[in-house]
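Dear colleague,

I am passing on to you the model we spoke of, with the sequence alongside. Please have it open while you read the notes below.

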Amino acid sequence: MHLLDQIDEWGRKAPDRPAHISSGRSMSWSELVNRSDLLASKLAALLPGNRAPIAVVGHKEPEMLVGFLGCVKSGHPYVPIDVSIPPERRERIITIAAAALVLDAAKITELAPAGATVVRPDPALRVGDADPYYIIFTSGSTGEPKGVVITLACLQSFVDWTLDEQKIAEAGEVFLNQAPFSFDLSVMDLYASLTTGGTLFSITRDEIGNLRKLFAALAVSGITFWVSTPSFAQMCLVEKRFSTGMMPAMRTFWFCGETLPADVAAGLFDRFPLAQVWNTYGPTEATVATTSVLIDPVLARQSPLPVGYAKPGTAVVCLGEDEKCVPKGERGEIVIAGPNVSPGYLARPDLTANAFFKLDGVNAYRTGDWGRIKNGLVFFEGRMDAQIKLHGYRIELGDVEANLRAIRGVYDAVILADMKNQIATSLVAFVALAEKPAGDQEFNAALALKEELAKKLPSYMIPRTFVFLESLPMTPNGKADRRKLAEFLQRERA
């Protein structure tokens with residue numbers, strides 16, 4: 001069955017059940033299916049013969065789901081863009097995507113208002129297996145965002161696996177949506193909910209930024225499936241009321257996006273003794289997640305925790321410098337091969353050629369992650385390059401550096417991650433200015449740089465700490481000596 005048929009079926013089987021809840025607004029399954037059908041028909045009329053991407057801009061509004069489905073029903077991949085992304089970077093993404101149209105909640109409501117006469121789109125228009133389904137933009141090392149193309153076949157492979165593994169109850173689950181839709185972690189909760197007739201419960205930036213509002217929302221959510229980064233759950237565990245008393249229906253914690261600390265898993269077992277805790281791993285280029293493992297209280301005592309076993313039909317191997325598999329248990333680069341691997345980056349054949357290849361005739365992706373495999377379990381051991389995960393967001397440090405160096409008065413800059421227990425907690429910027437600020441002016445200089453960066457980068461990519469130096473230490477080959485800067489940071493934190 002086509003993925004869109006799986007979704008649309010719920011408009012008939014559970015028409016009055018909430019499909020999406022956010023900020024007190026609820027949209028039923030019948031409204032979601034009818035409005036996305038109407039939008040698809042309008043898009044087909046507006047863009048005849050055109051199958052270019054469409055940007056969908058917003059933040060957790062029900063109309064975003066209408067937009068996503070309306071796009072793919074009319075044959076267009078969608079590009080999700082959260083409003084937290086600065087306008088300049090937002091426009092750059094739209095330009096790179098060569099978007100045929102930009103939809104926001106107001107435009108979607110104009111084209112497909114609730115209660116309007118429904119016009120069913122031609123099913124022949126919708127995306128096919130090999131067609132791009134969505135394009136998510138990630139951080140690029142040169143300061144230029146890059147679009148990861150995910151086809152319908154990639155997404156279907158991921159959905160089939162997760163539905164089978166997680167034994168998700170039809171029309172009975174409530175899924176937490178913590179991540180913005182421009183972050184591929186959200187694909188886990190969005191499509192698990194859409195294909196099983198569930199309810200997606202979105203928490204907004206405003207609620208996440210106000211713990212009183214956050215826990216008030218969680219207490220009335222009825223969530224059964226928790227999908228988030230480990231760091232978000234870790235933040236919630238600080239609140240003693242965060243337990244089965246607050247969320248009695250909770251049965252599954254499903255993590256991806258960053259390393260799951262053993263103490264977070266242990267804390268969840270204490271607070272939610274009847275719930276399962278799953279750890280997963282995978283880059284955007286391999287459709288969200290590729291490995292998974294059920295963490296039990298015994299395994300939770302192990303540190304670091306494994307990231308899981310490879311999904312059926314997908315190979316996860318560790319390669320050495322000779323491009324051959326390293327001996328079992330030894331460290332190598334994690335490579336993923338299978339039907340969930342992206343065809344590549346949008347309009348970037350150079351980047352695609354560097355990262356994607358054929359492994360035994362199957363599409364494969366070089367993750368750039370160190371790892372090792374023991375008894376079939378994959379262990380993640382950090383990045384091989386200057387890419388990090390911060391609160392689940394993938395950040396190329398070179399992206400931040402390039403944008404920082406472009407600011408007038410900045411002579412040179414290096415970005416490092418401030419690490420705690422092998423987890424990145426924030427970014428630190430080492431900056432050499434044309435004129436080094438005096439001690440009492442460093443605060444104002446840092447504030448000014450943050451304000452400039454905020455015009456180009458999302459908030460999670462803005463360094464928390466700025467260290468001003470006369471010049472940056474250099475290696476013998478003339479590159480910035482990151483080791484010395486890291487040692488400096490360790491001394492400061494001691």
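**Notes on the model**

Asn279 is found in strand E12, which covers residues 276-281; please bear in mind that this is a predicted model. With a relative accessibility of 2%, Asn279 counts as buried, because the cut-off for that term is under 20%. Its side chain reaches the backbone oxygen of Pro306 at 2.8 Å, and, leaving aside neighbours within four places in sequence, Asn279 is in contact with several residues, among them Phe255, Leu260, Val293, Leu305 and Pro306. Ala105 lies 174 residues from Asn279 along the chain, and the C-alpha atoms of the two are separated by 34 Å.

Turning to the nonpolar cores, the largest has 75 residues, and those with the most contacts inside it are Tyr78, Tyr133, Leu155 and Tyr191. Helix H3 (residues 62-73) contributes the largest share of this core, namely seven residues. A second, separate core of 36 residues includes Leu176, Phe201, Phe255 and Leu299.

Finally, in helix H9 (residues 211-219), the residues Leu214, Phe215, Ala217 and Leu218 are buried; seen down the axis of H9, the buried residues fall within an arc of 155°, so they line one face of the helix. They pack against strands E8, E9 and E10 and against helices H8 and H10. At the start of H9, a side-chain oxygen of Asn210 comes to within 3.1 Å of the backbone nitrogen of Arg212.

With best regards

Note on methods
Residues numbered from 1 in each chain as written. Predicted model: local features only at pLDDT ≥ 70, side-chain atom pairs only at ≥ 80, totals over all residues. Heavy atoms only, no water. Buried < 20%, exposed > 50% of the residue type's maximum accessible area, 1.4 Å probe, protein only. Helix = DSSP H or I, 4+ residues; strand = E, 2+ residues; numbered from the N terminus. Arc of directions from axis to C-beta. Contact = heavy atoms within 4.5 Å. Polar contact = N/O pair within 3.5 Å; in protein donor to acceptor, adjacent residues only side chain to side chain. Core = buried A, V, L, I, M, F, W, Y, C linked by side-chain atoms within 4.5 Å.
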